Amino acid sequence: MIIHFDVIIIGGGPAGIVAANNIARQGYKVLILEKELNIGSHIKNIKNLFPNFMKADNVLYELTKKTDHKNICLETEAFVEKTYKENNIWFVRTSEGKLYSSHALILATGFRIFDARYKEELGYGLYKGVINTVELEAMIMKKDIKTAQGKLPQKIAFVNCVGSRDEKVGNHYCSRVCCINAVKQSIEIKELIPDAEIYCFYMDIRMAGQFYEELYRKSQETYHVNYIRGRVSEAAETIDKRIQIKAEDTLSQLPLKMTVDLLVLMTGVEASDSTTKLSTQLKINGEYGFAKSTNLHLSDNQTIHKGLFLAGCCKRPLTLPETIADARAAALCVVDYLKNN
Amino acid sequence: MQNWGFSVAPSRIIDLDKDDVSSYKIITDKVPSAKRCLMCGACSASCTSKEHIAFNFRKIHLMFRRGQLQNLSEELDKCMLCGKCRLVCPRGVNARAIIFNMRIILNDMTYKNIKV
């Protein structure tokens, strides 16, 4: 049996939810397919949002409320296997064998975090003292920042650009959110452990967003975070299970080594598995596994196929406000398409 | 002439009107990946030579790029050409080939007859 909707949205993250809400309010029947048990995607794992430290829970609550509309049908734990188009109708098949059809389809399959084990020299997965940004965020959520030995860390180092701007792992692009996220997390650590020493290793600090630069300045002025310009080239475990790192302080032009209790890798943003799979299947695959719109400036939500639209991080790394704005734009394109076809 | 016990030190300013930046063109022609360097310092941090002796490839590369060729020949002798810097470089710069070519440009006798 095929269940028909006006629009099917693949992905129940912020992009999918906002797009669904905006389309549903125009009187169209929308189906959201989410592969996990709960909607909200990565927001579920974040405590505060940069740059204003708004509680991510509040955003999640508002987003969840948006799905509570008579025109929105929400299917969780629905993993999309295949999408195809026949006679101007889109068909979506889930792994459970359910078949849905619609006039328009939105891809909002989002991103995933880079697997830091590919950067072997940084010791992620080898040493317990090396964690990634998501694991640190989980500690911040629990208000319990501890080393693997259960001690309070006194010296913490952040490494930026892990898995982004890196030819060796095939990701040439900048993930855009890691710099500001490192600033945010270092402030949160300082609030939980006021006497902790924090070092942030960077290649370039990219604060290209409203209030980002101000937060960066605040982290230096109020929270005494130390910024060192240099890429950490290797990490090794000491006998007392701390992490020794080597870098060059490129501004003083001297090699630098230090031992830290916790090494946090600011892992970059990559296209999610679903993004790569579906965009390849639909032949709209762009660079680095992301989906490709027809024109970056003029038609960023449209694709080469009529009735197929893109929203959010399936195109490129975006911040949350950008994702939500993009989802609204996608909704407008879809409503326009439904009216004229 | 009266010896006052001191002399005028040579200028340590980078003067892009006068300094020889053309040598670097030879490097980028032979090793195009040199242009991609973003001066992150991963090469000098992982360097095996710097464990024993002051050696900083990133700095030498930048000095060469800016046409500051004085004393670079002796500096370059400190490299053991192990190639570890190539492994950590995020931009895939062939640092070893750059050092090879710098030595040739600076007329290092050992490398004069080697074709790279």
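**Figure 1. Helix α6 of chain B and the residue after it.** Asn107(B), which follows α6(B), has a positive phi, near 65°. This is a predicted model, in which local features need pLDDT of at least 70, side-chain atom pairs count only at pLDDT 80 or more, and totals for chains, interfaces and linings use all residues. Residues are numbered from 1 along each chain as its sequence is written, chains are lettered from A and ligands numbered from 1 in the order in which they are written, and side-chain values use heavy atoms, with hydrogens and water left out. Helices (H or I, at least four residues) and strands (E, at least two) are DSSP runs, numbered from the N terminus. Buried stands for under 20% relative accessible area, exposed for over 50%, and partly exposed for values in between (1.4 Å probe, protein chains only). The buried residues of α6(B) are Ala95(B), Ala97(B), Ile98(B), Ile99(B), Phe100(B), Asn101(B), Met102(B) and Arg103(B). Their cover includes α1 (22-30), α3, α4 (72-76) and α5 of chain B; contact here means heavy atoms within 4.5 Å.

**Figure 2. The interface of chain B and chain A.** In this interface, 22 residues of chain B are in contact with 16 residues of chain A. The size of an interface is often given as the accessible area lost when the parts come together. Between them, chain B and chain A bury about 1,600 Å², with 44% of it on carbon and sulfur atoms; buried area is the accessible area (1.4 Å probe) that two parts lose on being put together, summed over both. On the chain B side, Cys40(B), Ala45(B) and Pro90(B) lose the most area to chain A, together 29% of what that side buries.

Figure 3. Lys246(A) forms a salt bridge with Glu51(B), with the closest N and O atoms 3.0 Å apart. The elements of chain B that give two or more residues to the side touching chain A are α2 (42-46), α3 (57-65) and α5 (84-88). By class, that side has 9 nonpolar, 5 polar and 8 charged residues. Ala, Val, Leu, Ile, Met, Phe, Trp, Tyr, Cys and Pro count as nonpolar, Asp, Glu, Lys and Arg as charged, and the others, Gly among them, as polar.

Figure 4. The structure holds 10 aromatic pairs over all chains. Rings of Phe, Tyr and Trp (its six-membered ring) pair if their centres lie within 6.5 Å; planes under 30 degrees apart count as stacked, over 60 as edge-to-face and the rest as tilted. The ring centres of Tyr216(A) and Tyr227(A) are 4.8 Å apart and their planes stand at 85°, so this pair is edge-to-face. Tyr216(A) belongs to helix α5 (residues 212-221) of chain A and Tyr227(A) to strand β13 (residues 226-229) of chain A, so the pair ties together parts that are 11 residues apart in sequence. Tyr216(A) is buried at a relative accessible area of 13%, and Tyr227(A) is buried at 15%. In chain B, Tyr24(B) and Phe64(B) form a tilted pair, 6.5 Å centre to centre with 55° between the planes. This pair links distant parts of the chain, Tyr24(B) in helix α1 and Phe64(B) in helix α3 of chain B, 40 residues apart. Both Tyr24(B) and Phe64(B) are buried.

**Figure 5. Salt bridges within chain A.** Over all chains, the structure has 28 salt bridges. Lys119(A) and Asp166(A) meet in one of 2.7 Å, N to O. Lys119(A) lies in the loop between β9 (111-113) and β10 (130-132) of chain A and Asp166(A) in the loop between β11 (155-162) and α4 (178-192) of chain A, so the pair ties together parts that are 47 residues apart in sequence. Lys119(A) is buried, with a relative accessible area of 4%, as is Asp166(A), with 0%. Lys119(A), Glu121(A), Asp166(A) and Arg231(A) are linked in a network of salt bridges.

Technical notes: Salt bridge = Lys/Arg side-chain N within 4 Å of Asp/Glu carboxyl O.
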